[in-house]
Amino acid sequence: MMTVDYRTPKGVIVIGFTGGIASGKSTVTEELEKNGAHILNADHFGHRAYGPCFNALVARFGDKIVNEDGKTINRKALGAIVFADTKDLQALNEIMWPVIKDMIREEIFKVAEEMENANKPNVSKDGKINNLIALEAAVMVEAGWMDLVDEVWVVLADESKQKERLMARNNLDAAEAEKRINSQISNKERAAVAHVTVWNRGSLEDLRAILQKEIQSVKSRYSKLSAFEAIDVVDKDNNVLMQTKRAVATAFKLTCRCTHVVLVHEPSGGIFVQKRSKWKDSYPSTLDPASGGYCNSGEPYEACAVREMREEMGIDLDNKLTFVSPIYFEDTTGSQWAYLYCAKTQKGINDLQVQEEEVEAVTLMKPNEIVQLAKKDPQAFIPDGLFAFNTFMEKTSANM
């Protein structure tokens, strides 16, 4: 069995939320905490990081930033330097941000272990999510901390609203409020990396209603059997971009690596066609003439195909697969880069050991029967499986 090195802890949901000044991040914190989230605030780790960063900071900015005790940083003195010169601010961030990131990651895994040891259900009877960690980080995008979390939530507000709230909250005049807003990255830059965008354009009650809807969506997408599997996200050239949990890839239609296997019953020439389980997170109870699944993070395509057929059908195809073609498939539910294989077996349906959570039933169909049924009722088939089967027919028709 392959061991997967999870980017975030396996059994928990890690949401990172960010936004501009006076955008409504504190309300997000309140709503997530009310729904069971363990809240981590990056500012807390920022304060702690001055200790381990002490020598590097003094080396860069000199003894004038050291308190009289000779052991701690005078943050007021340091602030006066870095906020007067963007180069100095950049130097500060280059020293501090990596250390803060390591601290946050360590804490996330520590909290996840505590959650696992508590052995509570993912969602309690009162609706609270027991395996949810939420990280509030105003500089998440600027610091490049997106890989600490499974999902990035961005709270956005129109600049006029931000300005109005900031003036009232911090007792600032219009010019100073505008200066602080403009010192941060834009809404467009934040939205570009968001999985979930929360617009705070109305009342406090409006914002809370939006957040409750998003929290319900979290409960739904992580309730699936395969939600916490670690898989690779790839680009359209099949280059791996990042690792994520399957729930994230499915919910936000990310391109992932998959396999398909057309399994031929050698004595009859029929194709083993799965009827997918009603519990599947997509296209339940549909037919699949080229079964397979998502590759685990870092898992080779062929190894994935062998594993999927062993798990779902109880059949060992190790060293028995024939590569047919790479395929790229995209529809309204998402996209995938897949390797298509075929295999022949003497075994019949009664010899299979079907995994009931994944497969409701298996039947043998002649290739032309599949083609005719697909023409008559294309909705009977899972789209990617039908696409893979059609590719198989095109690539192998001369040999059939």
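The following conversation goes through several terms applied to this predicted model and the values behind them.

Colleague: What makes Glu308 count as buried?

Modeller: Buried means under 20% relative accessible area, exposed over 50%, and partly exposed in between, with a 1.4 Å probe and protein chains only. Glu308 has a relative accessible area of 8%, so Glu308 is buried. Glu308 is found in helix H12, residues 301–313, where helices (H or I, at least four residues) and strands (E, at least two) are DSSP runs numbered from the N terminus. Leaving aside neighbours within four places in sequence, Glu308 is in contact (heavy atoms within 4.5 Å) with Gly292, Gly293, Tyr294 and Met313.

Colleague: How do you know that the buried residues of helix H4 lie on the same side?

Modeller: The buried residues of H4, which spans residues 75–82, are Leu78, Gly79 and Val82. They cover an arc of only 100° around the axis, which puts them on the same side of H4; the arc is that of the directions from the helix axis to the C-beta atoms. An α-helix has 3.6 residues a turn, so residues three or four places apart point the same way. The buried residues of H4 pack against helix H3 (54–61) and helix H5 (86–118), whereas Lys76 and Ala80, on the other side of H4, are exposed.

Colleague: Why is the pair of Tyr328 and Trp337 called tilted?

Modeller: Rings of Phe, Tyr and Trp (its six-membered ring) pair if their centres lie within 6.5 Å, and planes under 30 degrees apart count as stacked, over 60 as edge-to-face and the rest as tilted. The centres of the Tyr328 and Trp337 rings are 5.7 Å apart and their planes are at 55°, so the pair is tilted. Tyr328 is partly exposed, with a relative accessible area of 25%, while Trp337, at 17% relative accessibility, counts as buried.

Colleague: What other aromatic pairs does the structure hold?

Modeller: The structure holds six aromatic pairs, including the tilted pair of Tyr222 and Phe228, at 5.6 Å centre to centre and 40° between the planes. Tyr222 and Phe228 are both buried. Ring pairs also link Tyr301, Phe323, Tyr339 and Tyr341 into a cluster.

Colleague: What makes you say that the charged end of Arg257 sits over the ring of Tyr301?

Modeller: A charge sits over a ring if NZ of Lys or CZ of Arg is within 6 Å of the ring centre and within 35 degrees of the ring normal. The charged end of Arg257 is 5.1 Å from the centre of the Tyr301 ring, and Arg60 lies over the face of Phe61, at 4.9 Å from the ring centre.

Notes: Residues numbered from 1 in each chain as written. Predicted model: local features only at pLDDT ≥ 70, side-chain atom pairs only at ≥ 80, totals over all residues. Heavy atoms only, no water.
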